Amino acid sequence: MLSAGTIKEACTSAGVAKYGRPIGLEEKIKGEGFAELEYGMLRYMGAIDDSTPVVTSVHDEQLVDDIPIDKLLIHDVPVDIICTPTRVIFTNTSIPKPQGIYWEKLSPEKLSQIRILRQLKSKIEQETGQKLPTGPSEKLPPTAQR
């Protein structure tokens, strides 16, 4: 629904806020937030599982030979396929994929920025009758503010 002149702007954080629209948990799959949280929400919704390939696109200059496994966090999503302008790389990773949202790692500040995640947390708490944990506070970068 965008014109050719607005597509580039719509791909930015400010453009998403300007041209995008919030969606609910029942709508067709689309994230609102950070990639790891989007992945966790998709896992919860049953839209993806361990067999779903994770694909990313990066510039050739962004590639590194290896990331030490001890640098990865429990919520980091390992990539199966990397596409660059010049090649496609199959990582053949054996690193396990996150199983959902790690609420104990999610700061109140990040949670406050993502409406659909707040709705999901409330839904799970109502269904289970238990309060989910919250992670430590953090100062978000200005680009994360919505």
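Hi everyone. Let me begin with a term: accessible areas here come from the Shrake-Rupley method with a 1.4 Å probe. With that in hand, the chain in this predicted model has an accessible surface of about 10,300 Å², and 56% of that surface belongs to carbon and sulfur atoms. Of the 146 residues of the chain, 27% count as buried.

Now, the overall layout. If you look at contacts in the chain with a separation of 6 or more, 59% of them come from residues 24 or more positions apart.

Strand 2, residues 81–83, pairs with strand 3 in the antiparallel sense over three bridges.

Next, the salt bridges; the structure holds six, and I'll walk you through some of them. Arg43 and Asp50 meet through their side chains at 2.9 Å, N to O. Arg43 is buried, with a relative accessible area of 14%, whereas Asp50 is partly exposed at 44%.

Another one joins Arg87 and Asp60, at 3.9 Å, N to O. Arg87 lies in the loop between strand 2 and strand 3, and Asp60 in the loop between strand 1 and strand 2, so this pair ties together parts that are 27 residues apart in sequence. Arg87 is partly exposed, with a relative accessible area of 45%, and Asp60 is partly exposed too, at 21%.

Then there is Glu138 with Lys110, where the closest N and O atoms are 3.6 Å apart. Here Glu138 sits in the segment after helix 5 (115–128) and Lys110 in helix 4 (residues 108–113), so distant parts of the chain, 28 residues apart, are linked. Glu138 has a relative accessible area of 33%, partly exposed, and Lys110 counts as partly exposed at 22%.

Last stop, the surface. Which residues form a nonpolar patch there? They are Leu2, Ile7 and Tyr19, with about 250 Å² of accessible area together. Ile7 is found in helix 1, residues 4–10, and is partly exposed, with a relative accessible area of 43%.

Key:
Residues are numbered from 1 along each chain as its sequence is written. This is a predicted model: local features need pLDDT of at least 70, side-chain atom pairs count only at pLDDT 80 or more; totals for chains, interfaces and linings use all residues. Side-chain values use heavy atoms; hydrogens and water are left out. Two strands pair if DSSP finds at least two bridges between them. Helices (H or I, at least four residues) and strands (E, at least two) are DSSP runs, numbered from the N terminus. Buried means under 20% relative accessible area, exposed over 50%, partly exposed in between (1.4 Å probe, protein chains only). Contact means heavy atoms within 4.5 Å. Patches are made of residues with over 30% relative accessible area and no salt bridge: like charges are joined within 9 Å, nonpolar side chains (Val, Leu, Ile, Met, Phe, Trp, Tyr) within 5 Å. A salt bridge is a side-chain nitrogen of Lys or Arg within 4 Å of a carboxyl oxygen of Asp or Glu.
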